Number of protein chains: 2
Amino acid sequence: MTVASIASATLTPRERHARPSTRKKLDRLLMKAAALIADKGFAAMTMRDLGAALDMSLAGLYHYFANKEDLLFQLQYRTFSALLGQQETIAAQPGTPEEQLGRLLTGHLQFFARHTHELKACTFELESLGGAHYRVIEEIRRRYYRMLTSVITQVIRGPTGAARATRQDRHATLFVFGMLNWIFMWYDRTRHGPVEQIGVEMCDLILHGLEHRRRHAGGREAHPRLDDAYQRR
Amino acid sequence: MTVASIASATLTPRERHARPSTRKKLDRLLMKAAALIADKGFAAMTMRDLGAALDMSLAGLYHYFANKEDLLFQLQYRTFSALLGQQETIAAQPGTPEEQLGRLLTGHLQFFARHTHELKACTFELESLGGAHYRVIEEIRRRYYRMLTSVITQVIRGPTGAARATRQDRHATLFVFGMLNWIFMWYDRTRHGPVEQIGVEMCDLILHGLEHRRRHAGGREAHPRLDDAYQRR
DNA sequence: TCCAATTTCGAACGGACGTTCGATATACTT
DNA sequence: AAGTATATCGAACGTCCGTTCGAAATTGGA
């Protein structure tokens with residue numbers, strides 16, 4: 001999924017009637033804003049920062065955004081909608097629950113790799129949104145959560161029937177989201193390799209646990225010692 | 001571990017010669033600051049907020065802190081030192097690697113339950129610290145990471161010998177930290193039950209994975225449907 | 001080419017921020 | 001009771017913030 005497809009995936013009524021050049025510029029603004037927010041946090045990013053980074057006047061920004069929070073909402077709305085759309089497409093494809101889980105993990109991580117800054121702003125700045133905007137984004141997140149819960153429940157109970165998720169199924173889902181979302185804190189492609197490999201390891205841990213590895217240990221380290229530190233900076 | 005023991009666990013030279021009443025007040029300040037930071041983020045918390053929450057003048061705060069960032073550093077330093085101290089004590093006790101992992105997870109979650117606000121400020125505001133302070137806290141975190149990596153490596157390789165952690169061991173450790181740290185985003189005692197139960201479920205997932213549950217499924221839900229939403233607010 | 005819609009901008013406003021300073025009040029030691 | 005260290009405070013400073021406004025420049029279609 002390209003950057004442009006994020007933009008075209010979800011459009012507000014105002015955007016739909018806008019000229020292509022306007023949409024293109026809006027994309028550029030949101031992308032740069034995402035980079036700044038990912039770097040310093042939404043509260044610490046200033047509109048002056050953004051204007052300077054875009055070689056644009058401060059007042060000019062307000063032609064595209066009603067206010068600072070509206071900027072964050074637009075960024076979160078289109079990014080999360082694109083992620084959810086991608087993952088729902090993946091989940092609709094046939095396969096065993098285990099296969100689906102693996103594809104969903106890989107899909108999420110690939111989206112992360114392609115849109116690191118945007119997804120980070122979505123993942124960590126939900127609480128910076130005010131009431132109405134908050135609820136809109138929360139509903140998208142909830143749909144994603146329910147989708148993954150459903151798959152995880154099927155992994156445990158088998159694909160037959162539509163068993164309701166138990167409390168422990170929901171907890172397991174939250175654990176999985178923790179693994180996925182924490183990746184912002186440590187992942188560095190040059191140190192940890194491609195995200196597809198991370199996805200395989202994560203899926204293995206979730207499905208079989210650590211003890212499963214013990215029985216298959218030995219000669220597993222293809223690229224030894226490329227990642228020493230646990231956190232980049 | 002009580003709140004007071006967090007304070008006495010690690011003292012700066014200035015604190016060591018301070019009167020007990022001073023230390024007590026400093027505790028109160030840091031605790032309230034942690035609550036505000038956990039709620040709105042460090043950048044959004046203002047010194048005026050903190051003064052008002054403590055019924056204290058703005059200028060009065062600067063008798064205890066050189067500046068705003070020094071406040072964050074003191075909070076992170078003593079909180080993280082207390083957590084690391086507790087976890088190192090736990091890790092020093094005998095037992096199989098599996099038992100040690102379980103005890104460490106429970107210990108971390110219990111610390112989280114007792115010091116939610118402080119630990120949240122530590123977990124999510126590392127990047128708000130400047131160079132020198134950043135490195136001090138980073139080193140504490142690194143020690144914690146290495147300790148858990150060692151245990152996880154032993155779970156996979158068995159307790160004999162001191163095998164160096166492979167790349168995949170380190171990745172698994174980062175996954176585990178993700179599960180642990182993401183709990184700030186969803187946990188609510190009234191919805192999800194005591195943290196000890198969460199610890200057991202987390203340990204089960206890490207050790208045996210989801211498929212292990214399939215074989216033991218049935219009649220597992222003691223307290224059904226107490227947690228519907230995935231996120232509180 | 002002309003016109004209307006779109007886009008950009010400089011300048012400014014009011015407010016909130018972190019921090020400082022000198023003075024005053026309180027607590028502990030002797 | 002005196003004296004010293006500790007604690008608290010009101011008021012202010014300079015800076016930076018989000019946002020606004022009217023005017024100027026630019027663009028795209030007829």
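This is a predicted model: local features need pLDDT of at least 70, side-chain atom pairs count only at pLDDT 80 or more; totals for chains, interfaces and linings use all residues.
Residues are numbered from 1 along each chain as its sequence is written, chains are lettered from A and ligands numbered from 1 in the order in which they are written, and side-chain values use heavy atoms, with hydrogens and water left out.

Leu148(B) sits in helix α9 (residues 131-157) of chain B; helices (H or I, at least four residues) and strands (E, at least two) are DSSP runs, numbered from the N terminus. Setting aside neighbours within four places in sequence, Leu148(B) is in contact with Leu101(B), Leu104(B), Thr173(B), Val176(B) and Phe177(B), contact being heavy atoms within 4.5 Å. Leu148(B) and Leu174(B) are 26 residues apart in sequence, and their C-alpha atoms are 9.5 Å apart in space.

Over in chain A, Thr173(A) belongs to helix α10 (residues 167-181). Thr173(A) counts as buried because its relative accessibility is 0%. Not counting residues up to four places away in sequence, Thr173(A) touches Tyr145(A), Leu148(A), Thr149(A) and Ile152(A). With Thr149(A), the side chains are joined by a polar contact of 3.4 Å. For such contacts, the rule is a pair of N or O atoms within 3.5 Å; within protein, one must be able to donate a hydrogen and the other to accept it, and residues adjacent in sequence count only if both atoms are side-chain atoms. A polar atom of the Thr173(A) side chain also lies 2.9 Å from the backbone oxygen of Asp169(A).

As for chain A overall, there are 13 helices and zero strands. Of its 233 residues, 53% are buried. Among its contacts with a separation of 6 or more, 68% are between residues 24 or more positions apart. Chain A exposes about 10400 Å², with carbon and sulfur atoms supplying 53% of it; accessible areas come from the Shrake-Rupley method with a 1.4 Å probe, and for residues only the protein chains shown count as cover. In helix α8 (residues 116-124) of chain A, the buried residues are Glu118(A), Leu119(A), Ala121(A), Cys122(A) and Thr123(A). Their cover includes α3, α6 (68-92), α7 (97-114), α9 (131-157) and α10 of chain A.

Back in chain B, helix α3 (residues 20-40) has 21 residues that should span 30 Å at 1.5 Å a residue, and its end C-alpha atoms are 30 Å apart, which agrees. The expected span here is 1.5 Å times one less than the number of residues. Buried in α3(B) are Leu26(B), Asp27(B), Leu29(B), Leu30(B), Ala33(B), Ala34(B), Leu36(B), Ile37(B) and Ala38(B). An α-helix has 3.6 residues a turn, so residues three or four places apart point the same way. After α3(B) comes Gly41(B), with a positive phi near 90°.

Of the atoms of DNA strand C that come within 4 Å of the protein, 54% belong to sugar and phosphate. Phosphate oxygens of DNA strand C lie 2.9 Å from a side-chain N or O atom of His63(A), 3.4 Å from a backbone N or O atom of Met45(B) and 3.0 Å from a polar backbone atom of Met47(B). The surface near DNA strand C takes at least two residues from each of α3 (20-40) and α5 (58-61) of chain A and α4 (47-53) and α5 (58-61) of chain B. By class, that surface has eight nonpolar, six polar and six charged residues, with Ala, Val, Leu, Ile, Met, Phe, Trp, Tyr, Cys and Pro counted as nonpolar, Asp, Glu, Lys and Arg as charged, and the others, Gly among them, as polar.

DNA strand D is surrounded by 20 residues, with Arg48(A), Lys68(A), Thr22(B), Ala59(B) and Tyr64(B) the closest. Phosphate oxygens of DNA strand D lie 2.9 Å from a polar side-chain atom of Tyr62(A), 2.8 Å from a polar backbone atom of Lys68(A) and 2.8 Å from a side-chain N or O atom of Lys25(B).

Note on methods. Buried means under 20% relative accessible area, exposed over 50%, partly exposed in between (1.4 Å probe, protein chains only). A residue is near a molecule or strand if one of its heavy atoms lies within 4 Å of it.
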